[in-house]
Amino acid sequence: MTATDPALTALAQGWCALSLLHGRIESHIERALEAGHGLSMREFSLLDVLSRQHNGPGGHLQMKQVADAVVLSQSATTRLVSRLEDRGLLSRYLCDTDRRGIYTDVTESGLALLAEARPTNDTALREALDEAAKNPELAPLVRAVEELRVPA
């Protein structure tokens with residue numbers, strides 16, 4: 001392949017369209033969450049991921065797993081956890097079986113805020129997808145997102 005190869009150009013154009021769609025959606029959701037709930041999209045995502053933990057075997061996520069789930073580095077995730085802990089939305093405690101392990105749980109205040117913010121997130125996502133679907137270059141990507149079913 002060369003730099004002017006049509007297949008490479010098409011691939012690059014597809015990547016640019018996907019990046020544009022992602023940026024538009026993220027920006028729209030970010031504004032809605034900030035305005036309505038004082039949450040960034042990353043904060044919402046972190047609360048959402050941590051709210052899905054359970055107390056059974058393997059139910060609590062290690063910080064690396066949390067970082068992977070919210071697509072941040074471990075250090076950025078730790079800083080984000082600290083900020084949310086300072087706001088009373090998260091709490092940390094030592095693992096019973098491994099004193100080196102630290103778990104993070106969503107507090108009652110965090111769960112309440114998350115419950116309030118979820119409809120805002122969903123509405124903003126729908127609005128952003130509907131707007132993007134009007135663009136012929138983004139419409140196929142919107143359809144792909146709408147048809148995507150993630151295994152449970």
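Modeller: Burial first: buried means under 20% relative accessible area, exposed means over 50%, and partly exposed is in between, with a 1.4 Å probe and protein chains only. This is a predicted model, where local features need pLDDT of at least 70, side-chain atom pairs count only at pLDDT 80 or more, and totals for chains, interfaces and linings use all residues. Residues are numbered from 1 along each chain as its sequence is written, and side-chain values use heavy atoms, with hydrogens and water left out.

Biologist: Back up a bit. What is the mean pLDDT of the chain?

Modeller: The mean is 90, and 94% of the residues reach 70 or more. pLDDT is the predictor's confidence in each residue, from 0 to 100. Where pLDDT is low, the predicted coordinates should not be read in detail.

Biologist: Where is confidence lowest, and where is it highest?

Modeller: Strand 2, residues 102-106, is lowest at a mean of 87. Helix 5 is highest, at 97.

Biologist: Now the inside. Which residues in the largest nonpolar core touch the most other members?

Modeller: L46, L47, L84 and L90, out of 30 residues in that core. Helix 1, helix 2, helix 3, helix 4 and helix 5 each supply at least two of the core residues. Helix 5 gives the largest share, seven residues. A nonpolar core is a set of buried Ala, Val, Leu, Ile, Met, Phe, Trp, Tyr and Cys residues joined through side-chain atoms within 4.5 Å.

Biologist: Take L47. What is L47 in contact with?

Modeller: Leaving aside neighbours within four places in sequence, L47 meets L39, L84, L89, L90, V106, G110 and L114.

Biologist: What about T77, buried or exposed?

Modeller: T77 is buried, because its relative accessible area is 0%. It lies in helix 4, residues 74-86. Not counting residues up to four places away in sequence, T77 touches L46, M63, V66, A67, V70 and L72.

Biologist: And H37, where is that found?

Modeller: In helix 1. H37 has a relative accessible area of 16%, so it counts as buried. Its contacts, leaving aside neighbours within four places in sequence, are R87, L113, E116, A117 and T120.

Biologist: Last pair: I25 and L129. Where is I25 found?

Modeller: I25 belongs to helix 1, and L129 belongs to helix 5.

Biologist: What does I25 contact?

Modeller: L125, A128 and L129, leaving aside neighbours within four places in sequence. I25 is buried, because its relative accessibility is 12%.

Biologist: How many residues apart in sequence are I25 and G56?

Modeller: They are 31 residues apart in sequence, and 35 Å apart in space, C-alpha to C-alpha.

Biologist: And L129, what does it touch?

Modeller: I25, V142 and V145, not counting residues up to four places away in sequence. L129 counts as buried because its relative accessibility is 4%. L129 and E146 are 17 residues apart in sequence and 8.7 Å apart in space, C-alpha to C-alpha.

Conventions: Helices (H or I, at least four residues) and strands (E, at least two) are DSSP runs, numbered from the N terminus. Contact means heavy atoms within 4.5 Å.
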